[in-house]
Amino acid sequence: MQLEIPVDPDAPEARRWLQDELAKAEYQAAQPTWFDRLMAAIRDWLAGLFDGSIGVPGAVVVAIVVVAVLALVVIGLLVFGLPRLRRRRAAPAPLFDDGDTRDLDTLRRAADAAAGRQDWPSAIEERFRALVRGLVDRDLVRVHPGTTAHGVADAASRRFPAYRAGLGGAADEFDGVRYLGRPGGREAYERLTALERALASAAPHRDEPHGASPHGAGPHGAEIAQGVR
């Protein structure tokens, strides 16, 4: 009968066998990563702060924790960037029944181009659209389908009482060239341009939210939400 001879390695041989065994893939996969070791070190450090083992006063501990949290937030912002809270901006509200969604700069350029060729009806209409777009973009006036030019003027007048007369006149000019076939003119266009630029830089009256009541103001639909006629 064959008997197995017991293995009795010396110390160097046993150490080599152990190293060979631990070098196998299954043991290496179980090793903690650098991130695991970092988190463990931070956990142990915080635990030491809160149990008072390093003799740090409680107020200092709280301050350290707050600073650490803020530092992590800053690092996160640097790594991942600022939150894209406005990544998707709402589509521009159409200002007119023809579905005009052009932005403010485009409307201003269109008005200037029409004025350059002395097409005063188009210039006045485009400048009034620019005036309304500026108010809507600043969330000072909201438009809805069917709102008239005078409805916009009424709503805007509550945010800019000093410009009430000018706004009413601008609405008259807009209605005249758009619906009544009036020729307009340079002086009317220049007045409307000056008004639009003045409103763009003027501070609104703060006592009247959004320039209109929840159900509108007056027969022209002053509370606005999507379009001007």
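In the predicted model, Glu126 and Arg102 are joined by a salt bridge whose closest N and O atoms lie 2.7 Å apart. The two residues belong to distant parts of the chain, with Glu126 in helix 6 and Arg102 in the loop between helix 4 and helix 5, a separation of 24 residues. Glu126 counts as buried because its relative accessibility is 14%, which falls under 20%. Arg102, by contrast, has a relative accessible area of 28% and is partly exposed.

A salt bridge is also formed by the side chains of Arg129 and Asp100, with an N to O distance of 2.5 Å. This pair likewise links distant parts of the chain: Arg129 is located in helix 6 (residues 120-137), and Asp100 in the loop between helix 4 (58-80) and helix 5 (104-116), 29 residues apart. Arg129 and Asp100 are both buried.

The closest N and O atoms of the salt bridge between Arg178 and Glu125 are 2.6 Å apart. Arg178 is partly exposed, at 26% relative accessibility, whereas Glu125 is buried, with a relative accessible area of 16%.

Through salt bridges that share partners, Asp100, Arg102, Glu125, Glu126, Arg129 and Arg178 form one network.

Key
Residues numbered from 1 in each chain as written. Predicted model: local features only at pLDDT ≥ 70, side-chain atom pairs only at ≥ 80, totals over all residues. Heavy atoms only, no water. Salt bridge = Lys/Arg side-chain N within 4 Å of Asp/Glu carboxyl O. Helix = DSSP H or I, 4+ residues; strand = E, 2+ residues; numbered from the N terminus. Buried < 20%, exposed > 50% of the residue type's maximum accessible area, 1.4 Å probe, protein only.
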